[in-house]
Amino acid sequence: MATASASASTQCFNSCLPLTDNCHSHPRHGGSSILRLQLSQIPKSRSLSSSSSSIGGAGAIERKDHHPQRSSFARTAAVRHLVGSVTTTQGLRFAVVVARFNEIITKQLLEGALATFKNYSIQEEDIDVVWVPGSFEIGVAAQRLGSLGRYHAILCIGAVIRGDTTHYDAVANSAASGVLSAGLKSGVPCVFGVLTCDNMEQALNRAGGKSGNKGAETALTAIEMASLFEHHLK
């Protein structure tokens, strides 16, 4: 009886799959009937291509399990973009640290910054100007001002002009790292507005000359950063 059932299953399998030289019902291929009995139980609706895709699908499912955040990210409704405003300036307070060295340049940079503040409705009583000897001293003053908790942003204005010695490199690098350190330690945006030029002509061009006024640009950056911190990053 079992032999008849196996034969019937073998015939059913043969009707679904073509015989090949390596797979036929010759008695010397021991176990072939058992193999075909198992394969004959596969539903006819599952084709070879669907079986292959199922194998690939199992791998895809496994990868998905390892990275569940991908699917959740794809379902995110919207990505928020936080940007500071230069028009919403009410209540913002600023400090300006200015180096006296190369004052012919730094005064013009300061004037450009103050004019920009006025154009963007920053009140004069909300601005404090602090003078220091040179650009090297800007960083420590900016850090102290930031730690007071009175200001939303600090402008750092100076001018370093290359000379005959390496003193220029030391001052320029120290000024840049000092301003960066002041912002990181105080948590208050400290905006770098120190000119580093090869000669006086380059500095004058950037202090209201044909290249614009970098003090004005620094003030605009400070307004945007102050707004960003005050309205989005508190």
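1. Strands β3 and β4 pair in the parallel sense over eight bridges, where strands are DSSP runs of E with at least two residues, helices are runs of H or I with at least four, both numbered from the N terminus, and two strands pair if DSSP finds at least two bridges between them. Within this pairing, Ile161 stands opposite Cys197 in β4.

2. On the basis of the model: it is predicted, so that local features need pLDDT of at least 70 and side-chain atom pairs count only at pLDDT 80 or more, whereas totals for chains, interfaces and linings use all residues. Residues are numbered from 1 along each chain as its sequence is written, and side-chain values use heavy atoms, with hydrogens and water left out.

3. The sheet as a whole is open and has four strands in the order β2-β1-β3-β4, with parallel pairing. Its edges are β2 (127-132) and β4 (190-197), each of which has a single partner strand, so one side of each is left without a neighbour in the sheet. From one strand to the next, the twist averages 15°, with angles taken from 0 to 180 degrees between N-to-C directions and axes given by lines fitted to C-alpha atoms, for helices over the stretch in contact.

4. Strand β1 (residues 94-99) is joined to strand β3 (residues 153-161) in the parallel sense over five bridges, and Val97 stands opposite Cys156 in β3. Because eight of its nine residues are buried, β3 is largely enclosed by the rest of the structure; buried means under 20% relative accessible area, exposed over 50%, and partly exposed in between, for a 1.4 Å probe and protein chains only.

5. Helix α7 (residues 167-186) lies across β3 and β4 and runs at about 175° to β4. Helix α9 also packs on the sheet, where it touches β1, β3 and β4, and its direction makes about 160° with that of β4; contact here means heavy atoms within 4.5 Å.

6. Helix α5 (residues 103-119) packs with helix α9 (residues 214-231) at an angle of about 40°, their axes being 6 Å apart. That angle makes α5 oblique to α9, since angles under 35 degrees count as roughly parallel, over 145 as roughly antiparallel, 65 to 115 as roughly perpendicular and the rest as oblique. The contact is made by Leu109, Gly112, Ala113, Thr116 and Phe117 of α5, and by Lys214, Gly215, Ala216, Ala219, Leu220 and Ile223 of α9. By class, this contact of α5 with α9 has seven nonpolar, three polar and one charged residues, where Ala, Val, Leu, Ile, Met, Phe, Trp, Tyr, Cys and Pro count as nonpolar, Asp, Glu, Lys and Arg as charged, and the others, Gly among them, as polar.

7. Thr116, which lies in helix α5, is buried, with a relative accessible area of 9%. When its neighbours within four places in sequence are left aside, Thr116 is in contact with Ala216, Ala219 and Leu220.

8. Asn102, in the loop between β1 and α5, has a phi near 60°, a positive value in a residue other than glycine, and counts as buried at 18% relative accessibility. Ser121, in the loop between α5 and β2, has a phi near 65°, which is likewise positive in a residue other than glycine.
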